[in-house]
Amino acid sequence: MEQEAPVGVRESGDSGRSFLSRLASAVAPLLVLASLAALPLFSPGPNTVRLLFVTLTLVTASVGWNLLGGFAGQISFGFAVFYGLGAYTAALSINGGIPPVLAFLLGAAVAALASLLVGLPTFRLKGPYFAIATIGVSEAVRVVMTNVPWTGGASGYRIIEKGRFFQMHHYYTALTLAALAVGISILVRRSKFGLALIAIREDQDAASDLGVNPFATKLLVHALAAALAGAAGGVYARYAAFIDPDGVFAFRNGIAILLMPIIGGVGTIWGPVIGAFVYGLIHEEVVAYFPQAHLLIFGSLLILIILFEPGGVVGLSNKLMRLFARERKS
């Protein structure tokens, strides 16, 4: 009969596996970041760089949405508003002679200010009423921007930037912003502020009884999330050099920003990043092959994930790892 291992040995083995798991979770993101930073060494084609650039801007917007929708549980369909305002603010600033980095900060600031104007009335609503209100705000802003003459209205607005166009410069800008967004997400999740957000998500009334101010906390995280989405819009606008209301303020952008964290794993650190890469890398192919049905496809995907795997890719991978661990023990 096989003797049971001493308790000390089991604990040592468990702690060793735990240490290796923590080490892997810390090293893997750094390896991914290093690989993306070393991309020029492999001489990628312009289309590959463009695709990765767009994906990295989506990562920033996705991580921003997750701060509000994942950590705080406030499902918003209106993040296209902040993305679009950031894009237009950065575009106007760059054409006015302001350096790009400062233009992106201004885009983030305008988006954060707009989030307060949106949040003050809508956060008094609960459940589906808040989500419905964000849809109305998104469409209202798109219609208004379509009729604003000094930004080109429906005809759009062109950015005229002095100097040569260096695609890799734009790529590294998007990579830096995405890394910053993930860093902010990690800091928020591990802070008391993050615990307050999760308490609001689980039970807002109970969180209020424990001393959390739900209204002020949601306003603050909404502003932070909107700032990230606005900065992402500004980075994209500078690369595209042309924006229009039906592009950056489109309702489909709000759906995409919501869909990415759900694909990867809403409420997690890396789920929004994984979801953004999945969506960013396949979106153009889906639109190209199914131009009339791509919204139906992504909508169906959203429904299937919610019904069968609410945890997204991260939740599915965790289930598979637990299943593998049980198989090894048996």
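1. Tyr 88 is buried in this predicted model, with a relative accessible area of 2%, and Phe 249, at 1% relative accessibility, counts as buried as well. Both residues fall in the buried class because that class is defined as under 20% relative accessible area.

2. Eight aromatic pairs are counted in the model. One of them is formed by Tyr 88 and Phe 249, whose rings are stacked, with 5.8 Å from centre to centre and 20° between the planes. The pair is called stacked because the planes are under 30 degrees apart, and the centres lie within 6.5 Å.

3. Phe 53, Phe 165 and Tyr 239 are linked by ring pairs into a cluster, and at Phe 215 the charged end of Arg 124 sits over the ring, 4.6 Å from the ring centre.

4. On the surface, a nonpolar patch is formed by Trp 270, Ile 274, Val 278, Leu 281, Ile 282 and Val 313, which together have about 430 Å² of accessible area. Helix α12 (residues 271-289) gives the most to this patch, contributing four residues.

5. Leu 281, one of the patch residues, lies in helix α12 and is partly exposed, with a relative accessible area of 39%.

Technical notes: Residues numbered from 1 in each chain as written. Predicted model: local features only at pLDDT ≥ 70, side-chain atom pairs only at ≥ 80, totals over all residues. Heavy atoms only, no water. Phe/Tyr/Trp six-rings, centres within 6.5 Å; stacked < 30°, edge-to-face > 60°. Buried < 20%, exposed > 50% of the residue type's maximum accessible area, 1.4 Å probe, protein only. Lys NZ or Arg CZ within 6 Å of the ring centre and 35° of its normal. Patch = residues over 30% accessible without salt bridge, like charges linked within 9 Å, V, L, I, M, F, W, Y side chains within 5 Å. Areas by Shrake-Rupley, 256 points an atom, 1.4 Å probe, with all protein chains shown as cover. Salt bridge = Lys/Arg side-chain N within 4 Å of Asp/Glu carboxyl O. Helix = DSSP H or I, 4+ residues; strand = E, 2+ residues; numbered from the N terminus.
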